[in-house]
Amino acid sequence: KGELTPQRWEPYYTNAQEITTSFALAYFESTLFVYFRVEEEEIRAQYREHGDPVSQDSCVEIFIQGSDARYVNFETNPNGALLANIGFSRYGRLAINPSFFEELAIFPKIINEYEWETLLILPLHHTPLIGEATTLEGMQLKGNLFKCGDLLKKPHYLAWSDVETPTPDFHQSEYFKELLFL
């Protein structure tokens, strides 16, 4: 459970101060539940299909890294469209197993013109993140959570763990924090 904080990239920092994003994580066996609640001045929800560039909309994201240094970016918008790829960096990312999308569930809800929330149910056993494990219990992964909106009137970037780069770039695994599943 936590809050995302504005990243210090100008001119986006001022815009991000007007946005509140909270999150909560839970798991059952090898399925991760990720809840986000967002309050923002503008909600943009143009994209509707999995694989669309949802970071251009109002977007929340969780990046999770497995033991082999690859990470999956799970990015979604208020319509429940999801972008998910795996790789070692921003470049050369690959699609994840199609069976992941068969068990994936997303419950987005626009509450009013300034608030929205979503619950992602991510079947991590269909990704290479946890290997052959059947439960997340006792696992130690790394990750970060984000809020962005690249094409909003006031573009912005928030994160759980600060990203210390000169320009916006969430694909920086050296800034991921420990995710311990108790």
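In which strand is Pro6 found? Pro6 belongs to strand E2 (residues 5–6), where strands (E, at least two residues) and helices (H or I, at least four) are DSSP runs numbered from the N terminus.

The model is predicted, so that local features need pLDDT of at least 70 and side-chain atom pairs count only at pLDDT 80 or more, whereas totals for chains, interfaces and linings use all residues. Residues are numbered from 1 along each chain as its sequence is written, and side-chain values use heavy atoms, with hydrogens and water left out.

View 1. With a relative accessibility of 23%, Pro6 counts as partly exposed (buried is under 20% relative accessible area, exposed over 50%, partly exposed in between, with a 1.4 Å probe and protein chains only). Leaving out residues up to four places away in sequence, Pro6 touches Tyr13, Ala16, Gln17, Tyr157 and Leu158, contact meaning heavy atoms within 4.5 Å. Pro6 and Lys147 are 141 residues apart along the chain, and their C-alpha atoms are separated by 9.0 Å.

**View 2. Thr14 in helix H1 (residues 12–16).** Thr14 counts as partly exposed, at 42% relative accessibility.

**View 3. Glu40 in the loop between strand E4 (31–39) and E5.** Glu40 is buried, its relative accessible area being 3%. Its side chain makes a polar contact of 2.7 Å with the side chain of Trp116 (a pair of N or O atoms within 3.5 Å, of which, within protein, one must be able to donate a hydrogen and the other to accept it, residues adjacent in sequence counting only if both atoms are side-chain atoms). Beyond its neighbours within four places in sequence, Glu40 is in contact with residues including Ile19, Ser58, Lys147 and His156.

**View 4. An open sheet of five strands, in the order E1-E3-E4-E10-E9.** The pairing in this sheet is antiparallel, two strands being paired if DSSP finds at least two bridges between them. Strand E1 (2–3) and strand E9 (105–112) stand at the edges, and because each has a single partner strand, one side of each is left without a neighbour in the sheet. Strand E3 (residues 20–28) and E4 run antiparallel and are joined by nine bridges; Phe23 has Phe36 as its bridge partner in E4.
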